Amino acid sequence: MSAISDFMTQGTFWWGMGLGTCLGAGVTAVGNYFNNKISDERKVANDLDAATRTEGREDRKESEERLRKVCTEYIAQCEAVITGAIDVKGLFNVLRDAAQDPSKFDPKSLEKITLAETQMEELKKVGSAYIPVKMEAPAPILSAATRLYQSLQALTRATTNPFATAAALKAAAEEQDAFIELFRAHLNLGAYTKDDAQRDTESYLDLLKRQTDDYIAEAKRDMHAAGFRSPWDD
């Protein structure tokens, strides 16, 4: 029998071999455990990070929706004050009022009082709409909202003075435009400047002129064909 076969037939060889196998399996199991543990922890961390990002996006989306809602309501109430301040009936006329005999009843007095009361009621609605803006809007938008609110207060106080109303109306309209521009910039809606508005207005007027010219030309042809002279003939 060879030395190799003698060694392999020894009990200590097989015992040692079994222990080595067990130790190897144990080390492999421990390694797999820690590898799996690290992998699981990494997966949990990644899932948590993804969940946090998703939650953050949802929170921002909800915040923007609330901001959009309160600012839209606010600007609608502001617009009501601005348009209501336009004295379309000419109730407050400096020359007529100056010539009015103080001893006689002013036929426009009731309408003047109604207009002033209406403006105050509309301003109260603006104040109510301003509170949610204070709760939801970031500082730049809130600053613009505050300036707009103050300009509307000044406009309302100037209701009875046509000269002061014109200046206050212009200031309020400018503050309203500034508020809208900041709001659009915050939501990444793109800027819409006065130049843009002027360009679009001119484009519309040009289109209207072409349509009017086409209509007049067609009407002329139809009237001439019927044997009539058109109102636009020289």
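**Reading the predicted model**

Tutor: I113 has a relative accessible area of 46% in this predicted model, and it therefore counts as partly exposed.

Student: In which helix is the place of I113?

Tutor: The model is a predicted one, and its helices are numbered from the N terminus. Residues 109-136 make up the helix that holds I113, and that helix is α4.

Student: Which residues form a nonpolar patch on the surface with I113?

Tutor: A residue needs over 30% relative accessible area to belong to a patch, and I113 has 46%. The patch has about 350 Å² of accessible area together, and the residues that form it with I113 are F105 and L110.

Student: Is C78 buried or exposed?

Tutor: Buried means under 20% relative accessible area. The relative accessible area of C78 is 0%, so C78 is buried.

Student: How does C71 count, as buried or exposed?

Tutor: The cut-off for a buried residue is again under 20% relative accessible area. C71 has 2% relative accessibility, and therefore it counts as buried.

Student: To what does the count of disulfides come?

Tutor: A disulfide is a covalent bond between the sulfur atoms of two cysteines. The rule asks for a pair of cysteine sulfur atoms within 2.5 Å, and by this rule the count of disulfides comes to 0.

Student: What pattern does the protein follow along the sequence?

Tutor: The protein has 7 helices and 0 strands. Read along the sequence, its pattern is α-α-α-α-α-α-α.

Note on methods
Residues numbered from 1 in each chain as written. Predicted model: local features only at pLDDT ≥ 70, side-chain atom pairs only at ≥ 80, totals over all residues. Heavy atoms only, no water. Helix = DSSP H or I, 4+ residues; strand = E, 2+ residues; numbered from the N terminus. Buried < 20%, exposed > 50% of the residue type's maximum accessible area, 1.4 Å probe, protein only. Patch = residues over 30% accessible without salt bridge, like charges linked within 9 Å, V, L, I, M, F, W, Y side chains within 5 Å. Areas by Shrake-Rupley, 256 points an atom, 1.4 Å probe, with all protein chains shown as cover. Salt bridge = Lys/Arg side-chain N within 4 Å of Asp/Glu carboxyl O.
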